[in-house]
Amino acid sequence: MSAPPYITGNTSVSMIMLKVLLALVPGIIAYVWLFGSGILITLALASVTALASEALMLKLRRRPIWPFLSDNSALVTAWLLALALPPLAPWWLVVVGTLFAIVVAKQLYGGLGYNPFNPAMIGYAVLLISFPVIMTQWPAPLELAQAKLSFSDQLAYIFGRVLPVGVQLDAISTATPLDYLKTQLKLEHAMADIRHAPVFGVLGAKGGEIVAGAYLLGGLYLVQQRIITWHIPAAFLGGLAAISGIFFVIDPQHYVSPAFHLFGGAAMLCAFFIATDPVSGPTTPRGKLIFAASIGVLTWVIRAYGGYPDGVAFAVLLMNLCVPLIDAYTQPRVFGHEKS
Amino acid sequence: MISRLFKFNGGVHPPQHKLESANTPIVTVPMPRRLVLPLRQHVGNISKLQVAVGDKILKGQLLAIADGMISAAVHAPTSGTIAAIEAQLIPHASGLPDLCITLEADGEDRWIERQPLDFRALPKSEVIARLRDAGVVGLGGATFPSHVKLREDARHPVATLILNGAECEPYITCDDRLMRERAEEVVRGIEIMQYLLGAPRCMVGIEDNKPEAAAAMRAACAKSATAIEVVEVPTLYPGGGAKQLIKVLTGREVPSGKLPTEIGVQCFNVATAYTVHRFVNFGEPVISRIVTVTGNVAHPGNFEVPLGLAIDELVTAAGGAGSETNGYIMGGPMMGFNLPSIHVPVVKATNCIIASAPRMFPTQPPALPCIRCTRCADACPVNLQPQELYWFAKSQNLEKARDYNVFDCIECGCCNYVCPSHIPLVQYYRFAKSEIIAQDKAKQAANLARERNEFRLARIEREKQERAAKHAQRAAGAKTESSEADEAKKAAIAAAMERAKAQKAEVSPKNTEDLPAAAQAEVAAIDARRAETTSEQPEAGNPVQEKQEN
């Protein structure tokens, strides 16, 4: 009771983060349905690691533990990283990635609100650079897998790399469509033939496109709840669709359709959940548009020409670097001021 | 005629809490035994005292006159005796005392002779001077002297007069009740204002959560000889901010750092119009106002209160405060402030008193770091970037804060209201503003001191040269003067110079004093060497060698 205003709205950081987690749930359900329950193990592993390391770091930094642990931001980082990893990734991969995200990318930079880079994407990039083979080994959608693993089989595989007798790795894993597309185009195969491969669905990857659709649904919930504004998702998807569309129209034999780009890989997750991280993103409306559209374009450039099948993580991190500059040059006109 | 309305950026919808106090008629508070009248109840210079302790005073009598252009007069709300003139606690956020007149009522409530003004017959400047002497100030809370704003300015003629009946802050309903019950009197005041300003157009802006007030005003305006539009504006805090209301009604923005007249608009509160009417048509100066008393009190409502009534007596008039009451807010919960004490008087700025209880205004959880979510920027009615300003204020990067227009902040509290990290943002901006102002003042003072010093040095130099020239003249004119006296003078000068040198060596600042003994010895040795070389130098007359040594 010292200074005005004496009333405040009933928002809180933990509420915002909780709603982000909630918005991820449809995607997770689709994931489990299409790829098996292994993702739940990865999610749990990442969550426990994130909370434990966050608590430890807060203690080491002599910060109050509970107010920060209960803000749910560590869980958001953990879930986003877990959802970006291959679902049957070994346990240590998940732990190492999460630790790097929370300890280095977040806490060492000052914790909540101070990280210049998206922690989940830092964790992902570290893993992708350090363990490229495991990171590109994705299980096939259940529909395509030659063998199905039970929950305990998946648990055994994640923690011990043990497969049931008689099941080969090839029987459960497959190249991701983005990966497949890249290698096939290098072999100069025709786009029409490539797109007929079983890993492709109607829009993006078989199975993956449905998960992407579920992310889209969750993302729209976030927009409706005003957790995020329309600027970043619209500009990211718009940027990605525009550049992929231009090249697709010019040369459809070598460039895949915009729909594939939008529903393939981590594009939808990025549009609504990753690029929208407020801490590492710009703050002005125009800045958000520039930032997200650039991520869209960069994602496409890395997908089309880069060494990695998907470009979301690097595109986001590169644009995180530009945030101070973008903010400085996109300040909106203040009430009663001339147009700057 | 339906006007097209415009929008300002952001704004918030806090719970209104208007119904508690809006539905009962205005109650006149009985005259108390004692009134305390601060001499500073307005923006500008403190009023000049016109009475002394012991004086017998009539109701409405002038106690203090306006000092200069931006100032206002203070009058006696009842008849009685001046009991004291001394510094007392006033209702101000600073909690500092200020000069006040204590008036003991005699219970007779005897008026001075009141004379209505025939404002159309008198020159406008005369009417405006009379309004200044009647103590008319903006009653929306800012208390800027109204006569200043009512002068016709040839450079900025007022095309549109806007009356602010928006009352956008939660809890406050004094303007609402005034418009409902005394709409015609408000309109009489508006007519006078419109006449004085020569404004062709006049609009009354009322938020659409006050349909009864709007209807009453519309009915009163329909009877008026002049065309006054009553416009219902969307309920959106801070839509009652003058600049925001002007934007909503006219679509035009008052340029930063400028007055509304720059765009041909002048804006007054409806309660101010009412006081103009009471003075011009009845000869009553401003000695009372309507105050909302609400929150944790038994009978929330609106009260017609003599200025100077102690706020605890006013709370008693509203049935007394509930047991959990933990403070009193003057103004609304968004921009008001916590009273330093309940034993302070009602002043012209007192539009509302809220008895607060923990359940109404729960303590905020500790602030978390800013997550740059930009809810604040989305809510800012001035379109600032509060998250950047917070960052600059926190790191005391004051120049940056100024660059990012911290001085355009109206301290409405919207950013604070929506912040999920519960950061007291407004506090940070106030801090930044006051720091910048203090630094600017210090800089100005330093510049002034430097200029003075430079001027002084120049003067000393000039005087020296003048003296030297005079000496030379005299020496040339008096060659016959004995060489003996000359010698004595020279010796005296040499001795004086020696003394000065020794003195200088003694007082010259040494930044080496804190050094350890060994280092001090070294410094001493170096000094000795230096003294040696400098004393040798003129005799040695060998600058080349000197250079090599160095």
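Reader: Which helix of chain A holds A:Ile16?

Author: This is a predicted model, where local features need pLDDT of at least 70, side-chain atom pairs count only at pLDDT 80 or more, and totals for chains, interfaces and linings use all residues. Residues are numbered from 1 along each chain as its sequence is written, while chains are lettered from A and ligands numbered from 1 in the order in which they are written. Helices (H or I, at least four residues) and strands (E, at least two) are DSSP runs, numbered from the N terminus. A:Ile16 sits in helix H1 of chain A.

Reader: Is A:Ile16 buried or exposed?

Author: A residue is buried if 20 or more other C-beta atoms lie within 10 Å of its own, exposed if 12 or fewer, and partly exposed in between, with C-beta atoms placed from the backbone. A:Ile16 has 24 other C-beta atoms within 10 Å, so A:Ile16 is buried.

Reader: Which residues does A:Ile16 touch, leaving out those up to four places away in sequence?

Author: Contact has a simple cut-off: C-beta atoms, placed from the backbone, lie within 7 Å. With residues up to four places away left out, the partners of A:Ile16 are A:Thr11, A:Ile227, B:Cys373 and B:Pro420.

Reader: Which element gives the most to the side of domain 1 of chain A that touches domain 2 of chain A?

Author: Chain A splits into domain 1 (12-174) and domain 2 (205-329); such bounds come from an automatic or database domain assignment. Their contact takes 31 residues from domain 1 of chain A and 27 residues from domain 2 of chain A. On the domain 1 side, helix H1 (13-35), helix H4 (73-84) and helix H6 (119-130) of chain A give two or more residues. With 13 residues, the top contributor is H1(A).

Reader: How many residues on that domain 1 side are nonpolar?

Author: Ala, Val, Leu, Ile, Met, Phe, Trp, Tyr, Cys and Pro count as nonpolar, Asp, Glu, Lys and Arg as charged, and the others, Gly among them, as polar. The side of domain 1 of chain A that touches domain 2 of chain A has two charged residues, five polar and, as nonpolar, 24.

Reader: Which element of chain B gives the most to the side that touches chain A?

Author: Here 45 residues of chain B contact 29 residues of chain A. Strand S15 (327-330), strand S16 (337-338), helix H13 (414-418) and helix H14 (425-477) of chain B each supply at least two residues. By class, this side of chain B has 24 nonpolar, 17 polar and four charged residues. Giving three residues, the leading element is H13(B).

Reader: At what angle do helix H13 and helix H16 of chain A cross?

Author: Axes are lines fitted to C-alpha atoms, for helices over the stretch in contact, and angles run from 0 to 180 degrees between N-to-C directions. The contact of H13(A) with H16(A) has 13 nonpolar, seven polar and one charged residue. The axes of H13 (residues 231-250) and H16 (residues 285-305) of chain A come within 7 Å, and the crossing is roughly 35°.

Reader: How far apart are the centres of domain 1 and domain 2 of chain B?

Author: Chain B is assigned domain 1 (19-338) and domain 2 (368-469). Six residues of domain 1 of chain B contact seven residues of domain 2 of chain B. Taken over C-alpha atoms, the separation of the two centres is 32 Å.

Reader: Which are the edge strands of the four-stranded open sheet in chain B?

Author: Two strands pair if DSSP finds at least two bridges between them. The order is S11-S10-S9-S12 (chain B), with parallel pairing. Each edge strand pairs on one side only; these are S11 and strand S12 (265-269) of chain B.

Reader: What is the bridge partner of B:Gly205 in S11(B)?

Author: Strand S10 (residues 201-207) of chain B and S11(B) run parallel, with five bridges. Four of the five residues of strand S11 (residues 229-233) of chain B are buried. The partner of B:Gly205 is B:Val231.

Reader: Which helix packs on the sheet and touches S9, S10 and S12 of chain B?

Author: Strand S9 (residues 160-164) of chain B joins S12(B) through five bridges, in parallel. There, B:Asn164 has B:Asn269 as its bridge partner. The helix makes about 150° with the direction of S9(B) and is helix H5 (residues 183-197) of chain B.

Key:
Two residues are in contact if their C-beta atoms, placed from the backbone, lie within 7 Å.
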